[in-house]
Amino acid sequence: MAEHGEHAQRHCPHNHHHGSSQVHEDQHNLKEFNKNYFDEHGHRYNDHPHAHELARRVGAAMIKAYPFDENSTLVLDYACGTGLISKKLAAYAKCIVGVDISQSMVDQYNQSVLNQGIPPEEMRAVCCDLTAALNQLDGMKFDVVVCASSYHHFPSIEDVTKALVSYLKPGGSLLVADLMKPSSGESAEALFPTGAHNIVAHKGGFEEADIKAVFEGAGLINFSFVTACKAKKHGHPVELFLASGTKELNEEAY
C-alpha cells in the first residue's frame, strides 16, 4: 500500500500554452519526487507495524464492500507498494496484479510473492505508469480495481480515476481508500511531516463531494462513501474513507 504519486497532463480549457506546460511540469516533478522517494525508502516500508495494521483494516473494508470470488475475481491493486493490501485480498481473488511506479516497491512485492511460493499467474506486480498511455497490462481488464492510501499523492485524481476505470470490465468496481478531510477545524496538513510535502499533492484529505464528482466524471455509477476505519497518523486521530463506484454494463472503455 504505497503512498506515492502519478501524473498525467491536465489541460485547462482557458489556459494559454505556457500555463498548461507549467501544470504538466509541476505534475511531472511531483511524480518524480514520489518515484525517487519510494525507490530510496521503500525497503523500510514493511518495517512499520502500523502499515500492516492499516492494511488489515482497509482490506477488511474492501472485502465487505465488494463480493470477491476466489474462483473468478481479477484484481488490479494500483499504487500497490510492497503488496500489503494485495496480501489481504489474495485469499478472496483468483488473480491480483499490482502496479506501482517505484521499481523498488515492485521488486519487494514480487520477492515476497516468490518467498510464499505463490505462482506469478496468481499474484504479481509490474512497474509502470497507467496514466502515461492507454491499454497497458497486455489488454487485461479487471473485476475490481483497488487503490489504498495513495490518492493524496496524485496531482490529478481526475486523470488517475479515468485511467483506472479504463481497466475495469463492464460492471466492475473501483474501490479507493484514503484520508477523510477532518470535520473539526484541525488542519490535515499537520498529518504530514514537513519533508513529505513535496510528495503529497493533497495535504488536507478529501471530502465525499470531491471523490463523488471525480468518480461520476469518470463514468462510474452506484457511488458509495463510507468510513473504512479509524487510525492514528503521527499521533493525530484520522479517519479513512472507502469510496466505491461501478462501471456501467454498457460502458465502453473510458
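Predicted model: local features only at pLDDT ≥ 70, side-chain atom pairs only at ≥ 80, totals over all residues.
How many bridges join S4 to strand S5 (residues 168-179)? I began my notes here, and I counted six, with S4 and S5 running parallel.

**Overview**

I next looked at the protein chain as a whole. I find six helices and seven strands in it. Going along the sequence, I read the pattern α-α-β-α-β-α-β-β-α-β-α-β-β. The protein chain has 254 residues, and 50% of them count as buried.

**Strand S4**

Back to S4, which covers residues 142-148. I checked how covered S4 is, and seven of its seven residues are buried. On the S5 side, I looked up Cys147 and found Val176 of S5 as its bridge partner. S4 also pairs with strand S1 (residues 74-78), again in the parallel sense, over four bridges. There I noted Asp77, whose bridge partner in S4 is Val146.

I then followed the path from S4 to S5. Helix H5 (residues 157-165) belongs to this stretch, and S4, H5 and S5 together make a β-α-β unit. What is its handedness? I have it down as right-handed.

**Strand S5**

Is S5 enclosed or open to the outside? Nine of its twelve residues are buried, so I put S5 down as largely enclosed by the rest of the structure. One pair I looked up here is Ser173 with its bridge partner in S7, Thr246.

**Helices H5 and H6**

How do H5 and helix H6 (residues 208-217) pack? I get an angle of about 45°, with the axes 9 Å apart.

**Helix H4**

Helix H4 takes up residues 103-115, and I wanted to check its span. At 1.5 Å a residue, its 13 residues should span 18 Å, and the end C-alpha atoms are 18 Å apart, so the two agree. Which residues of H4 are buried? My list has Ser104, Met105, Val106, Tyr109, Ser112 and Val113. A reminder to myself: an α-helix has 3.6 residues a turn, so residues three or four places apart point the same way. After H4 comes Gly117, and I noted that its phi is positive, near 75°.

**Val97**

My last entry is on Val97, which I found in strand S2 (residues 95-100). Is Val97 buried or exposed? Its relative accessible area is 3%, and the cut-off for buried is under 20%, so Val97 counts as buried. I also looked up how Val97 sits relative to Tyr78: they are 19 residues apart in sequence, and their C-alpha atoms are 8.4 Å apart in space.

Key. Residues numbered from 1 in each chain as written. Heavy atoms only, no water. Buried < 20%, exposed > 50% of the residue type's maximum accessible area, 1.4 Å probe, protein only. Helix = DSSP H or I, 4+ residues; strand = E, 2+ residues; numbered from the N terminus. Pairing = 2+ DSSP bridges. Right-handed = clockwise from strand over helix to strand, strands pointing away. Expected span 1.5 Å × (residues − 1). Axes fitted to C-alpha atoms, helices over the stretch in contact; angles between N-to-C directions.
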